[in-house]
Amino acid sequence: MTVGATTRGLPIEINGLSKHFGPVVAVDDLSFAVEPGRVTGFLGPNGSGKTTTLRMLLGLVHPSAGTATIAGQRYQDLANPTSSVGAVLEATSFHPARRARTHLRMAARAGGHDEKRADEVLGLVGLTGDAKRKIGGFSMGMRQRLELATALIGDPDVLILDEPSNGLDPQGIAWLRDFMRYLAGEGRTVLVSSHLLSEMAQTIDNAVIVSFGQLKAQGTLDQITAGISGMVMRARTPEADRLAGVLTGAGIAFRRLTHEEVAMDGVTPEQVGPLLASNQIVLYELAQEGGDLESVFLSLTAGLGFGDVAAAAATPNPNPATPPSASPTTPPPPPSS
Amino acid sequence: MINALRAELLKMRTMPGVWVTFGLALPLTILGILIVLASAGGFPGHAFYYVSSLSQRRRLLGAGFFGIEVLAPILGVLCITSEYRQKTITTSLVLVPVRSRVLLAKVIATALWSIFIALLGLVAIAAVALPWNAALGGVTSQVTDQVGAVIPGLLASAVLLGLFGLGFGTLVKNQVAAILLTIGGTLILEGILIALSKAILHYDLNWLPNGAGAALAGDIARGFGGGGGGGGGNGPNAFHLLTWWQGGLVLLAWGVGPLILGYFTTFRRDVT
């Protein structure tokens with residue numbers, strides 16, 4: 001893929017964004033940027049503020065503080081919002097009595113687009129044969145694809161997708177992955193939230209990791225995993241309590257995973273091995289956790305440790321890394337419905 | 001704005017509930033015609049009689065008001081509450097992110113569909129009421145010469161009662177609750193309050209939505225207050241409606257008030 005092959009993508013900027021629902025802080029002073037021409041994963045555990053952030057970006061939720069802009073403007077201030085941004089938020093936003101084509105005609109009308117576009121996007125997502133069916137009879141996967149078709153109605157420069165693979169079968173997920181890469185390959189900005197980390201690892205170029213509404217890391221996938229790799233040690237021991245005391249004394253951050261498992265953050269085997277030996281701690285297992293996205297995600301979202309690493313990873317990347325796979329230059333054939 | 005309006009019109013056209021209201025417009029109008037012709041007086045043994053007095057002629061022409069007062073508020077309620085019930089409000093506000101524009105489009109769409117319901121009622125008047133009245137011995141031209149006095153007000157009532165439903169739907173959001181509030185409120189509660197007010201306070205509670213609508217629709221579109229009908233009569237039991245322009249202003253307040261309140265409260269809230 002040639003990054004930014006065209007100039008059609010628009011940057012997304014989140015600056016100091018916060019949202020309080022009464023005493024609950026859903027998003028806490030969140031700042032990050034999303035580049036055009038790349039697929040950016042927006043990752044975080046359930047309740048970490050991902051959906052709230054995306055809804056603030058789309059003007060559905062009012063921020064308590066901060067700004068969320070697309071090309072420097074709030075979504076609601078864009079001249080042609082649906083030509084600039086397409087969003088997949090929830091697969092339940094349909095009137096069940098409405099037919100798929102009618103729903104898309106309505107979306108085309110609302111955005112000021114040619115209603116013929118409805119048939120085009122139905123074809124893009126593989127729902128041409130279901131155009132006249134009522135949405136109430138659609139499966140969750142079909143609704144997801146219809147939601148994606150709705151997002152594409154204005155041929156937008158930015159795609160915002162909130163858990164788009166929910167309800168999709170493996171074939172549909174693979175298609176969605178190729179489709180997102182194709183869209184990014186055209187220079188569009190693609191921001192996708194998901195909890196399917198293994199799936200995301202194969203799809204995204206950049207990642208933004210949040211937990212408890214706060215930014216934990218931002219950068220390319222390579223940068224984030226390289227920053228963490230080799231720095232998590234997991235020990236299994238019958239003396240977990242004593243190990244905790246030793247680690248506390250040595251100033252090493254750690255987390256109790258189970259009653260006999262301890263994860264040690266920011267240390268190497270060369271550092272922790274002699275320490276455990278000198279304290280004569282019985283070990284059943286001592287392993288270095290891999291630097292894949294899932295382990296990084298789990299480390300960063302556990303709420304303990306990695307303060308320095310997270311800050312380092314949060315630094316904008318001056319040299320974009322190679323994406324996980326080359327982007328297709330034509331849209332992938334849609335899966336059968 | 002035009003784009004948002006076109007989308008709203010298509011939404012309403014593809015909503016089953018809207019077609020149910022249309023389906024009810026004709027039978028409710030015919031029911032209104034039956035009531036007018038049955039209460040027109042006549043010889044013993046005759047269930048129906050032709051209309052003759054000015055009040056009766058206007059009531060026959062405005063018999064569609066019975067359907068309008070029920071169905072127009074429901075249309076307004078459906079227009080907004082279906083968005084929340086089916087969760088389509090998210091898509092609607094992503095497609096048209098300026099909320100005032102969405103609500104204004106709904107106002108115009110509700111107004112147009114309410115007029116359509118009123119026109120359906122007028123079709124029933126032309127197809128059923130006038131021939132029937134003529135068959136009973138009435139003079140058709142004596143009824144049709146009241147068109148100018150009744151129809152514009154009837155259409156305006158339809159629009160404002162539709163907005164009344166839209167406003168309550170915007171405030172309440174729950175579809176069932178909003179329908180119960182608007183229809184139950186205007187058909188049942190309003191009647192009870194009027195009767196209580198008259199009986200206890202000797203006061204004509206004529207500024208509630210349907211009373212205001214009846215006044216706007218030619219002050220006799222609906223029979224208020226016993227045998228005297230409409231605003232006529234000077235007896236102690238006569239019910240005096242507002243003048244047409246007072247009724248129009250009051251109904252405008254009932255239509256726009258909840259709408260403005262709903263916009264600045266619920267409609268601008270976060271969509272989570």
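Biologist: In which order do the strands of the open sheet of four strands in chain A stand, and is their pairing parallel or antiparallel?

Modeller: The order is β11-β12-β10-β13 in chain A, and the pairing is antiparallel (two strands pair if DSSP finds at least two bridges between them). This is a predicted model, in which local features need pLDDT of at least 70 and side-chain atom pairs count only at pLDDT 80 or more, while totals for chains, interfaces and linings use all residues. Residues are numbered from 1 along each chain as its sequence is written, with chains lettered from A and ligands numbered from 1 in the order in which they are written.

The sheet is open, and its edges are formed by β11 (254-256) and β13 (285-288) of chain A, each of which pairs on one side only. From one strand to the next, the twist averages 20°.

Of the 337 residues in chain A, 50% are buried (20 or more other C-beta atoms within 10 Å of the residue's own, with C-beta atoms placed from the backbone). Among the contacts in chain A with a separation of 6 or more, 75% link residues 24 or more positions apart (C-beta atoms, placed from the backbone, within 7 Å).

Chain B, by contrast, has eleven helices and zero strands, and its pattern along the sequence is α-α-α-α-α-α-α-α-α-α-α. Its C-alpha atoms fill a box of roughly 65 × 45 × 30 Å along the principal axes. Buried residues make up 52% of its 272 residues, and residues 24 or more positions apart account for 80% of its contacts with a separation of 6 or more.

One helix pair in chain B is α8 (residues 147-172) with α10 (residues 209-216), packed at an angle of about 160° with axes 8 Å apart. The helices α8(B) and α10(B) are therefore roughly antiparallel (over 145 degrees). From α8(B), residues including B:Leu160, B:Leu161 and B:Phe164 meet B:Pro209, B:Gly213 and B:Leu216 of α10(B). The residues of this contact comprise six nonpolar, three polar and no charged.

Definitions and conventions. Buried ≥ 20, exposed ≤ 12 C-beta atoms within 10 Å, placed from the backbone. Contact = placed C-beta atoms within 7 Å. Helix = DSSP H or I, 4+ residues; strand = E, 2+ residues; numbered from the N terminus. Axes fitted to C-alpha atoms, helices over the stretch in contact; angles between N-to-C directions. Parallel < 35°, antiparallel > 145°, perpendicular 65-115°, else oblique. Nonpolar A, V, L, I, M, F, W, Y, C, P; charged D, E, K, R; others polar.
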